[in-house]
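Colleague: I would like to learn how to read the backbone and packing features of a model. Could we go through them one at a time, with the general idea before the particular case?

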Amino acid sequence: MSEAESLATWEGARLEHELSALLSPDGSPPELTKQLASRASGRKVSELLLRCLRVEPGIAQEESRGCSQGKPYTRMQALTILVRLLGTETGDLTGDTVSMPPEDAASPSANDDSVVRMLRTEPLIKSVVDLLEKHVPRLHGGAFDPYLRLEALRALRLQLLPLPRGGPPRWWVEERIGHRTHSSARRELVDILLQVLADVGDGMCHRPKIAALGGLRSLVAASPECRGHFFLIGGARVSVEVLRSQIRLPAPPVEAALVGGCELLAALVKGPRSNARQLVELGAHNDATECMRRWKQHREVATAAFALLTALASDPVAAARISCSTQDAHAATAARERWPDDAEEALDASLRRTVHSVRDHALP
């Protein structure tokens, strides 16, 4: 073995050892996780995790989950490492409490070979989608691993978040000029997350549902084609029904699920005016009103519902229908008076959304 090969082998073993420290039962050391996310070679980390996540043809399902064929981690462990590395950008290494980062947020780690970028590449996202697809009962009957599905949903949700300012565009977002690529990949991402959302129910403390809502929100907020496909396959109706059932659950509320449902519907308003009108036809404005009325003491829930109602009202026809309801007006007024700063931010966001929708819809 040459000196270069020996060095590469040593570096590979060191990387595996450092990544294994993220799997500690006592929790991932925050400082070590941040160091790995900032200084490790993103290409080497992604190649290592990709090798562990891929299922080779002809290998039994149960065997492919173990450390077989020279793979240093099980698929569950590889997903956990992925979640904890990407979680350093959001401040939650579990991937459960994730919010959409500001569009102008800057990060020095968004270079070409950074971990945060390389873990969002097309091959790694597709490997997570392929793994997730095998754990949707509607598509594949029989036994499935709910914990593996949850970890895959957490990973995919983090992978779909926008890169900080200064990083390259996400590969799955369509080009504004010229031939559009990755159309089938965009449809596949929407399809699998919507199927999961329709299947997961309220189990595991609603965490799979929350992750699916977050992933869909990233897709429809960034991609007009994802948004159009979402409406085409009935995603709006499913999302409204999920939010409606969530609102009607007994106290205490699952705030992350309610906020995620409201944010997903608000993101769907962007684009043609028919989007808001279709959501109003499905009764989304009534659900926002009920959410504000029932959970008015919960700031994040009430302001997310207020933001949804203001987003729906950005279309004149939808606004006229909403204004006919005194309940909508009373609930919105009460939320604005109770949480004035948050309501003002929601109104500003609604105005920006309207301007961007007009701009995007005018582009070819």
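Modeller: Helices (H or I, at least four residues) and strands (E, at least two) are DSSP runs, numbered from the N terminus. This is a predicted model, in which local features need pLDDT of at least 70 and side-chain atom pairs count only at pLDDT 80 or more, whereas totals for chains, interfaces and linings use all residues. Residues are numbered from 1 along each chain as its sequence is written, and side-chain values use heavy atoms, with hydrogens and water left out. The chain has 19 helices and zero strands.

Colleague: Where does His182 lie, and what is its phi?

Modeller: Most residues other than glycine have a negative phi, and most peptide bonds are trans. His182, in the loop between helix H8 (146-160) and H9, has a positive phi of about 65° although it is not a glycine. Phi is also positive, near 70°, in His206, which lies in the loop between H9 and helix H10 (207-222).

Colleague: Which peptide bond is cis?

Modeller: The bond from Ala251 to Pro252 is cis, with omega near 0°, and Pro252 belongs to the loop between helix H12 (235-247) and helix H13 (255-268).

Colleague: Are His182 and His206 buried, partly exposed or exposed?

Modeller: Buried means under 20% relative accessible area, exposed over 50%, and partly exposed in between, using a 1.4 Å probe and protein chains only. His182 counts as partly exposed because its relative accessibility is 26%, while His206 is buried because its relative accessible area is 11%.

Colleague: How many residues does the largest nonpolar core hold, and which touch the most other members?

Modeller: In soluble globular proteins, nonpolar side chains tend to be buried together. A nonpolar core is a set of buried Ala, Val, Leu, Ile, Met, Phe, Trp, Tyr and Cys residues joined through side-chain atoms within 4.5 Å. Here the largest has 95 residues, and those touching the most other members include Leu19, Leu85 and Leu119. Helix H9 (residues 183-200) gives this core its largest share, nine residues.

Colleague: How many disulfides are there?

Modeller: A disulfide is a covalent bond between the sulfur atoms of two cysteines. With a disulfide taken as a pair of cysteine sulfur atoms within 2.5 Å, the count is zero. Cys291 is in no disulfide, and the nearest cysteine sulfur, that of Cys262, is 4.6 Å away. Cys291 counts as buried because its relative accessibility is 0%, whereas Cys205 counts as exposed because its value is 59%.
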